[in-house]
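Biologist: Please take a close look at one part of this model, a single helix and the charged pairs around the fold, and walk me through it with the cut-offs stated.

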Amino acid sequence: MTDRIEREFGIPFSGTVLPPERWTQTALKRYPEGRIRWPDLFGRDAPVVLDLGCGNGRYLIGSAVTRPGHDHLGVDTLPVVVRYARKRANQRGLTNIKFAVGGGRELLADHVEPGTVAEIHCYHPQPYYDPAQVHRRLITPAFLALVHRTLVPGGLFVVQTDNPGYWRYICEVVPVFFDFREHPQPWPDAPRGRTRREIIARSKGLPIFRGVGTVKAGLSEAEAVRLAEALPPPVFDADRRLRQLDELE
């Protein structure tokens, strides 16, 4: 077996599939007791990148391939997509990436030491169209306070969606915790799409909303929590007509 390039929707998936004897194991089957110590998990001290709702791993694997000096952890609540992500990372022989089944909010609240992560990425968080399910939406003021707590000074929060209602809400609440700027153009590292969802949405002519936030300096954890309690919850109308895109994934 020789090294080969894998494609998805005709777009190369970062890295090459190596011969089996060079594969690695990237599954994090359970979190360690207490908080995660990144040097223990990866065997070195390096900037850490989290992808919350990582899907099949397209973005995070691309980052691990092109940024070998960073360590990466991706989580998703769907075991099937995590299996795809792990398999692809294993086949590329990566040692600076792990994948786990779980929720992003729970990871930050229960398992990550404050002030230890360089970047947190959230691509296309599920908008939940049913009003009875809106409490499950990931981007809430309380979640953003957790993100702020988790990041190092100057750390980055990257968020992307194709849902206009979600984007309007994001633009309302994220700037409370981060110096936030919209990124209207495709990401330079992946001009055809950082994620499977983005590739599908763009093929259907849907707009993609992107933004990058830098930790707001001088905002304490207690103050962030107080601000979160005063902000509105994400009860926006997600527009049920957009549900068809979910079925294509």
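Modeller: With a relative accessibility of 1%, D71 counts as buried, a class that means under 20% relative accessible area, whereas exposed means over 50% and partly exposed lies in between (1.4 Å probe, protein chains only). This is a predicted model, in which local features need pLDDT of at least 70 and side-chain atom pairs count only at pLDDT 80 or more, while totals for chains, interfaces and linings use all residues. Residues are numbered from 1 along each chain as its sequence is written, and side-chain values use heavy atoms, with hydrogens and water left out.

D71 forms a salt bridge with R44, whose closest N and O atoms are 2.7 Å apart; the term stands for a side-chain nitrogen of Lys or Arg within 4 Å of a carboxyl oxygen of Asp or Glu. Because D71 sits in strand β4 and R44 in the loop between α1 (38-42) and β3 (48-52), this pair ties together parts that are 27 residues apart in sequence. Helices (H or I, at least four residues) and strands (E, at least two) are DSSP runs, numbered from the N terminus. R44, for its part, is partly exposed, at 32% relative accessible area.

Helix α3 covers residues 79-91, and at 1.5 Å a residue its 13 residues should span 18 Å, which agrees with end C-alpha atoms that are 18 Å apart; the expected span is 1.5 Å times one less than the number of residues. Those buried in α3 are V81, V82, A85, R86, R88, A89, N90 and Q91. Just after the helix, G93 takes a positive phi of about 65 degrees.

Among the buried residues, R86 deserves attention, for it lies in α3 and is buried yet has no salt bridge, the nearest side chain of opposite charge being that of D76, 11 Å away. In this count Lys and Arg are positive and Asp and Glu negative, with His and the chain ends not counted. Apart from its neighbours within four places in sequence, R86 is in contact (heavy atoms within 4.5 Å) with T26, A27, L28, F99, A100 and V101. R88, by contrast, is linked with E6 and R92 in a network of salt bridges.

Together with L78 and Y84, V80 makes a nonpolar surface patch of about 290 Å². Patches are made of residues with over 30% relative accessible area and no salt bridge, like charges being joined within 9 Å and nonpolar side chains (Val, Leu, Ile, Met, Phe, Trp, Tyr) within 5 Å.

The structure as a whole holds 13 salt bridges. One of them joins R196 to E8, with the closest N and O atoms 2.9 Å apart; R196 belongs to helix α7 (residues 196-203) and E8 to strand β1, so the pair ties together parts that are 188 residues apart in sequence. Here E8 is buried at 6% relative accessible area, while R196 is partly exposed at 25%. Within α7, the side chains of R202 and E198 meet in a salt bridge (3.8 Å, N to O), and these two residues, 4 apart in the helix, are separated by about one helical turn. E198 is buried at 0% relative accessibility, whereas R202 is partly exposed at 32%.

Technical notes: Areas by Shrake-Rupley, 256 points an atom, 1.4 Å probe, with all protein chains shown as cover.
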